[in-house]
Amino acid sequence: ARGLAAGREDEEALVGSPVAAVDTLLTHLCQLQQDYQSAMRREVVELVERVARQVIRAELTLRPTQLMALVDETLSAMPPARDGVEVFLNPEDRQRLLELGPERIHAWTLHADASLESGECRVIAGGREADAGCRQRLAACMDQVRGQLLAETTMDGGADGAASPANSAAGAIDALDA
C-alpha cells in the first residue's frame with residue numbers, strides 16, 4: 001500500500017509539472033490574444049477618426065453650404081437674438097460662403113479667424129457665443145465609438161477582465177477559436 005501511494009505521488013509529480021506548464025502557456029497565450037484584440041480595436045478607432053476627418057474636410061470643401069447648416073442648427077438652439085449674428089470662420093471657409101452669396105448669410109456678419117481650422121466656426125448672437133464647428137461633434141461621435149469598441153475589450157476579459165484562462169483548458173481553447 002505504501003509503495004502504491006508512493007508510486008501515485010511520483011506519477012502526480014511527473015504529470016502535474018507539464019500540466020502546470022501548459023496552463024501557464026495557455027494563460028500567457030490568452031493574454032497575448034486579448035492584448036492583440038485590444039490593440040486592433042484601438043487602431044480601428046484611430047482609422048475611423050482619420051477617415052471621418054478627411055470625409056468632413058472634403059464635404060465642406062465640395063459643399064460649403066454645410067457650414068451654413070451648422071450655423072443654422074446652432075442658431076436654432078440658441079435663444080432668439082435681437083442683435084445681428086456674427087459668425088467667425090476659417091478665412092477659406094468664409095471666402096467660399098461669400099462666393100456662394102446665399103440670401104441668409106447677408107443677415108450674418110462673417111469674420112475671418114485664422115485660428116479656426118476649416119469646418120470650425122463660432123457664432124455670437126444676442127451676447128451669447130456657441131461653437132458651431134465639426135470638431136466638437138466629431139469628438140462626441142468618436143467618444144461613442146471608442147466607448148463601444150473599447151468596452152468590448154473589458155467585456156471579453158481584457159485588461160480589466162475577470163476570466164482566468166487557467167481555470168479551464170477548454171475555455172482557453174474556445175477563447176483562441178473566437
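1. A residue is called buried here when its relative accessible area is under 20%, and on that basis buried residues make up 26% of the 178 residues in the chain. The model is a predicted one, and the accessible surface of the chain comes to about 11700 Å², with 55% of that area belonging to carbon and sulfur atoms.

2. As for the overall layout, the chain holds 5 helices and 4 strands, which follow one another from the N terminus in the order α-α-β-α-β-β-β-α-α. Among the contacts with a separation of 6 or more, 68% are between residues 24 or more positions apart.

3. Helix 2, which spans residues 65–77 and has 13 residues, reaches 19 Å from its first C-alpha to its last, close to the 18 Å expected at 1.5 Å a residue. Its buried residues are Leu67, Met68, Leu70, Val71 and Thr74, and they lie on the same side of helix 2 because they cover an arc of only 160° around the axis. The face turned away from that buried side carries the exposed residues Ser76 and Ala77.

4. The largest nonpolar core has 19 residues, of which Val87, Leu89, Leu97, Trp108 and Leu110 touch the most other members. Two or more residues each come from helix 2, strand 1 (85–89), strand 2 (108–112) and strand 3 (121–125), and helix 2 gives the most, with 4 residues. Leaving aside residues up to four places away in sequence, Leu89 touches Leu67, Arg94, Leu97, Leu110, His111, Ala112, Asp113, Leu116, Glu120 and Cys121.

5. The count of salt bridges comes to 10, and one of them joins Arg96 to Asp93, with the closest N and O atoms 2.7 Å apart.

6. Glu49 pairs with Arg53 at 2.9 Å between the closest N and O atoms, both residues lying in helix 1 (residues 2–62) and 4 residues apart, about one turn of the helix. Glu49 counts as buried because its relative accessibility is 15%, whereas Arg53, at 34%, counts as partly exposed. Asp143 and Arg146 meet at 3.4 Å, N to O, and sit 3 residues apart in helix 4 (residues 134–155); at 27% relative accessibility, Arg146 counts as partly exposed. Through salt bridges that share partners, Glu49, Arg53, Asp143 and Arg146 are joined into one network.

Definitions and conventions
Residues numbered from 1 in each chain as written. Predicted model: local features only at pLDDT ≥ 70, side-chain atom pairs only at ≥ 80, totals over all residues. Heavy atoms only, no water. Buried < 20%, exposed > 50% of the residue type's maximum accessible area, 1.4 Å probe, protein only. Contact = heavy atoms within 4.5 Å. Areas by Shrake-Rupley, 256 points an atom, 1.4 Å probe, with all protein chains shown as cover. Expected span 1.5 Å × (residues − 1). Arc of directions from axis to C-beta. Core = buried A, V, L, I, M, F, W, Y, C linked by side-chain atoms within 4.5 Å. Salt bridge = Lys/Arg side-chain N within 4 Å of Asp/Glu carboxyl O.
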